[in-house]
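My entries follow in the order I looked things up.

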Amino acid sequence: MVHSASLHTSDQSPSGWLVVSVLAAAALSAGLLLWAIGDLVFSASFLAGLIGLGAVLFLGSRKGSRKVAEQAQPAVDVALLRAALDSSVAAVAITDGEGVMIAANDAYVDRLGGHEGPAALAPAAAVEARRNGNASLEGIRVNGLSLGLSVEAVGTHFVWKFTRSDEVDVLHEAQRLIAGDPGRRLGEAGVMAAIADSHGNILSANRAFVARASLQAGAAITGTPLVDLIAVTEEGEFHFGCDPAAPLRIVQVPVTDGPDPLTLFLLLDDPTGSRSSVGRSESANLHALLDFVPLGLALCNVDGRFVYLNKAFRKAAGLPPDARPVYPGDLVVDEDKAAVSDSVRRFARGPSSSSDMAVRLRNNVDEPVALGIAGARGLGDAAVILSLKDNQEADRLKRQIAQATKMQAVGQLAGGVAHDFNNILTAILGYCDLMLMRHSPGDSDYDDIQQIRSNSNRAASLTRQLLAFSRQQTLRPQVLQLPDVIAEVSTLLKRLLGETVKLQVKHGRNLGAVRADPGQLEQVIVNLAVNGRDAMPQGGTLTLQTYSVSPDDVRTIGSDVLPVGEYTALRVTDTGTGIPTPILGKIFEPFFTTKEVGKGTGLGLSTVYGIVKQSGGFIFAESEEGKGTSFTIYLPVHRAEGKPSAAAAKPKEPAGELWGSGTILLVEDEAMVRAVAERALTRHGYTVLTAENGEAALEILGREPTVDLIISDVVMPTMDGPTTVREARKTHPDLPILFISGYAEEQLRKSIDLERVQFLAKPFSVQKLAEAARDALRQKSSREK
């Protein structure tokens with residue numbers, strides 16, 4: 001209904017135009033009359049009469065048109081206003097230029113009917129509309145409502161429009177809500193939503209609906225019939241056509257009425273469906289079956305809550321038996337929680353697919369693990385399957401391989417450094433010995449020379465430790481019993497441990513003999529004992545235990561590093577502070593130490609590691625903070641009846657019988673070593689020929705009639721020592737050879753397939769060099785006899 005007042009509008013009557021036409025015709029007629037008769041007075045009188053007649057007619061037409069307008073205008077205005085105002089849901093009113101109400105629709109009367117008029121509600125808007133032709137205003141409070149106002153000037157009248165915020169396009173707003181953030185929140189809650197028209201065609205859908213229906217995100221789904229996406233079974237269950245194993249529950253919500261209504265469809269997973277339901281007994285059987293699977297598996301429902309976790313999953317996640325996590329995000333660090341939760345919800349409501357993601361567990365933040373996520377259908381409440389593999393064993397093997405590779409690389413570096421350093425020490429020790437030959441103990445320089453020699457020997461000991469770590473030192477292995485070695489070193493250990501540390505020795509029965517260097521083995525025991533003592537500053541107990549290990553025991557241990565076989569084991573245990581787990585993997589690295597600066601070189605355990613590995617054994621460390629540390633050494637049992645070692649069978653020659661005679665060819669690429677060795681051998685009565693490489697040595701050998709011995713370095717540029725010897729043996733097959741090198745004798749013998757070869761390790765003294773030359777020449781003499 002339109003409420004109206006007197007609305008006055010002016011228009012021009014058609015009779016006015018007629019009067020003007022008559023006047024023009026009168027003027028034209030008077031002009032023609034003047035042209036015809038030539039009488040001006042008569043023509044003027046004729047024209048005046050016509051004008052008077054026209055004036056009378058004009059006044060009559062104005063009065064008639066005003067009466068017609070006053071009778072017809074109200075009816076036309078009301079009809080037009082009704083058509084204009086009733087079509088708007090907003091409150092609309094029309095006033096004249098003075099703000100007097102002319103007409104208003106029902107919405108205006110309902111909301112603002114108790115007020116004088118729109119101009120009184122917003123006088124500022126009225127002023128602006130008179131000035132600019134339009135105006136707008138927001139936040140007008142009327143009858144408890146917040147209204148917005150727009151004013152438009154139409155001729156001498158004003159159209160006032162009051163709107164509320166809830167007067168919106170229902171279809172547009174519904175589409176915006178479903179496709180926007182509210183629709184996303186519905187999807188996170190497990191609700192798939194879609195708006196359809198009266199024909200069942202989809203107008204809008206949230207992301208959960210699009211993903212579950214296997215539609216590409218962002219695809220134009222407008223106009224797709226809902227019945228093309230939803231199928232029904234013979235039992236009357238609804239499901240997506242692309243996922244028949246997941247029954248759905250559908251809720252229809254009418255949104256609008258009218259000839260073209262809108263309907264909101266809400267779809268939820270129906271875990272009580274006949275094909276997806278799993279009875280309690282069946283669920284128990286499923287859970288029992290999953291417990292036997294070695295792969296960690298867990299089930300989650302559509303809300304992302306855990307339904308079941310098997311034993312392997314608990315172990316891989318590091319969960320105690322009584323732990324009851326609620327969500328998968330509870331197992332990971334805070335940075336990964338959101339990603340895990342979003343993935344679980346996405347796979348719970350999406351199509352049946354799977355994916356992997358790297359996460360970090362709370363109980364092991366340093367090692368990322370692979371978490372598998374897959375959508376599950378037909379498993380009752382379970383909507384997602386999580387898989388988590390126990391990577392502890394694989395990670396341990398990776399760390400062992402990385403550690404072994406790093407130890408090998410560092411060992412090669414340490415061996416190369418020690419070899420070069422041995423050449424320098426050989427020259428220093430040699431020159432010290434030559435100087436001591438010219439000085440007696442009473443000389444002023446004698447003590448200084450001895451000090452230089454003593455420090456050089458300390459440096460040589462350091463290089464031996466580096467070579468021991470790199471398994472390149474020279475060993476003199478013997479067949480021995482571990483209890484005998486411990487008995488030899490027990491007295492020394494008691495002095496080293498002090499009064500606050502108690503030493504306990506326990507020996508097992510039926511211990512097999514081992515083959516090792518007794519001196520190096522003693523160094524292993526001393527190093528481990530000293531480390532144990534330093535870990536017990538307040539005192540404690542150090543236990544040395546020997547026992548036999550059978551092949552069955554090795555299988556029980558289950559180590560991938562320790563081969564199956566018979567071993568004699570030595571365990572060194574202390575009751576100290578223990579070693580933290582992050583440090584435990586680094587203890588065998590050279591120069592790694594936790595002691596204060598100046599109290600350790602960091603080579604103790606690395607030397608132990610090298611000696612044990614070079615002896616064919618294995619060493620393992622176990623530690624628990626606050627309780628102590630145990631080092632276990634496994635040495636293989638030696639069954640073969642080996643010949644007595646040359647070092648043990650060779651009689652020690654008196655020191656005075658070092659003088660000799662003969663011609664020695666000395667081959668050494670280091671000039672300082674070559675010079676000191678030449679002087680040392682010359683002082684002991686030998687004729688010395690020197691060569692800086694293998695080619696020069698072969699030239700000398702070709703022109704000299706007699707050479708009794710070749711002393712050669714092993715590693716040299718262009719032609720190494722073994723190659724030089726092989727070429728020399730072609731013309732001198734019985735020529736004795738003495739190799740000098742900073743590398744291990746056993747390592748060199750494996751790579752040198754030559755007979756009648758002696759070896760002298762660097763650094764050596766003048767006396768050691770003279771003894772080695774004498775022994776090599778005596779063996780030649782004995783063979784000739």
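I found 6 strands forming an open sheet in the order 8-7-12-11-10-9, with antiparallel pairing. Which strands stand at the edges? They are strand 8 (202-205) and strand 9 (230-232); each has a single partner strand, so one side of each is left without a neighbour in the sheet. On average, neighbouring strands of this sheet are turned by 40 degrees against each other, direction ignored. I reminded myself that strands of a sheet pair through backbone hydrogen bonds, either parallel or antiparallel.

Strand 9 is joined to strand 10 (residues 238-240) by 3 bridges, and the two run antiparallel. Within this stretch, A231 stands opposite H239 in strand 10.

Entry on aromatic rings. I described each pair by the distance of the centres and the angle of the planes. The count comes to 6 aromatic pairs. One of them is F209 with F240, an edge-to-face pair at 5.6 Å centre to centre and 75 degrees between the planes. This pair links distant parts of the chain: F209 lies in helix 8 (residues 207-212) and F240 in strand 10, 31 residues apart. F209 has 0% relative accessibility, so F209 counts as buried. F240 is at 1%, so F240 is buried too.

Another pair is Y567 with F618, also edge-to-face, at 6.4 Å centre to centre and 80 degrees between the planes. Y567 sits in strand 22 and F618 in strand 23 (residues 618-624), 51 residues apart, and the pair links distant parts of the chain. By the cut-off used above, Y567 is buried at 5% relative accessibility, and F618 is buried at 14%. I noted as well that Y567, F618, F620 and Y634 form one aromatic cluster.

Entry on confidence. The protein chain has a mean pLDDT of 76, and 71% of its residues reach 70 or more. Where is confidence highest, and where lowest? It is highest in strand 22 (residues 567-574), at 94, and lowest in helix 19 (residues 646-649), at a mean of 40. Over residues 65-76 pLDDT stays under 50, and the model has 4 contacts beyond four places in sequence for them. Residues 274-281 also stay under 50, with 19 such contacts. Where pLDDT is low, the predicted coordinates should not be read in detail.

Note on methods. Residues are numbered from 1 along each chain as its sequence is written. This is a predicted model: local features need pLDDT of at least 70, side-chain atom pairs count only at pLDDT 80 or more; totals for chains, interfaces and linings use all residues. Side-chain values use heavy atoms; hydrogens and water are left out. pLDDT is the predictor's confidence in each residue, from 0 to 100. Helices (H or I, at least four residues) and strands (E, at least two) are DSSP runs, numbered from the N terminus. Contact means heavy atoms within 4.5 Å. Two strands pair if DSSP finds at least two bridges between them. Axes are lines fitted to C-alpha atoms, for helices over the stretch in contact, and angles run from 0 to 180 degrees between N-to-C directions. Rings of Phe, Tyr and Trp (its six-membered ring) pair if their centres lie within 6.5 Å; planes under 30 degrees apart count as stacked, over 60 as edge-to-face and the rest as tilted. Buried means under 20% relative accessible area, exposed over 50%, partly exposed in between (1.4 Å probe, protein chains only).
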